[in-house]
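Please look over the sequence and the model below. Keep both in view while you read.

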Amino acid sequence: MNTELMLFARYEKPYVRLEDVCEELFNLCERKAKEAAASQSLPVPVLRMTGSRKSPLMIKLSDLAEYLDARHEEYTKVWEKVK
């Protein structure tokens, strides 16, 4: 199963707002997610589509899919060792 395609099917666009995924995927409330984005401490790049500070923070779905796949691979290796 292709993670990026599944994310695209869910969100129906190539970029998703940080506040749309922060709680579910990063277990952070919107305020904490924005603070983490400002300090570059999220595991994926976050950008604004314009130079305005009022522009929403966005995550590219391909970056998010890559991160999720890497986490899955990492924990699969751990699981295999324990098994």
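What follows goes from the sheet to the loops, then to the salt bridges and the surface.

This is a predicted model, in which local features need pLDDT of at least 70, side-chain atom pairs count only at pLDDT 80 or more, and totals for chains, interfaces and linings use all residues. Residues are numbered from 1 along each chain as its sequence is written, and side-chain values use heavy atoms, with hydrogens and water left out.

Three strands form it, in the order 1-3-2. The sheet is open, and its pairing is antiparallel. Strands here are DSSP runs of E with at least two residues, helices are runs of H or I with at least four, and both are numbered from the N terminus. Two strands count as paired if DSSP finds at least two bridges between them. Strand 1 (15-17) and strand 2 (47-48) are the edge strands. Each of them pairs on one side only.

Take the pairing of strand 1 with strand 3 next. Strand 3 covers residues 57-60, and three bridges join it to strand 1. The two strands run antiparallel. Tyr15 has Lys60 of strand 3 as its bridge partner. Val16 stands opposite Ile59, also in strand 3. In a regular strand, side chains alternate between the two faces of the sheet.

Glu12 lies in the loop between helix 1 (3-11) and strand 1. Its phi is positive, about 60°, although Glu12 is not a glycine. Glu12 has a relative accessible area of 64%, so it counts as exposed. The classes are these: buried means under 20% relative accessible area, exposed means over 50%, and partly exposed lies in between (1.4 Å probe, protein chains only). Glu12 also gives a distance across the chain.

Find Gln40 in the loop between helix 3 (30-38) and strand 2. Gln40 has a positive phi of about 60° and is not a glycine. Gln40 is exposed because its relative accessible area is 63%.

Next come the charged pairs. Side chains of opposite charge can pair when their charged atoms come close. A salt bridge is a side-chain nitrogen of Lys or Arg within 4 Å of a carboxyl oxygen of Asp or Glu. How many salt bridges does this rule give? The count comes to six.

One of them joins Glu19 to Arg17, with the closest N and O atoms 3.1 Å apart. Glu19 is partly exposed at 25% relative accessibility. Arg17 is partly exposed too, at 36%.

Helix 3 holds another pair. Arg31 and Glu35 meet in a salt bridge of 2.9 Å, N to O. They lie four residues apart in helix 3, about one turn of the helix. Arg31 is exposed at 51% relative accessibility, while Glu35 is partly exposed at 40%.

Arg71 and Glu74 form a salt bridge, their closest N and O atoms being 3.9 Å apart. Being three residues apart in helix 4, they are separated by about one helical turn. Arg71 is partly exposed, with a relative accessible area of 32%. Glu74 is partly exposed as well, at 40%.

At 44% relative accessibility, Tyr75 counts as partly exposed. Tyr75, Val78 and Val82 make a nonpolar surface patch of about 310 Å². Patches consist of residues with over 30% relative accessible area and no salt bridge; like charges are joined within 9 Å, and nonpolar side chains (Val, Leu, Ile, Met, Phe, Trp, Tyr) within 5 Å. Accessible areas come from the Shrake-Rupley method with a 1.4 Å probe, and for residues only the protein chains shown count as cover.
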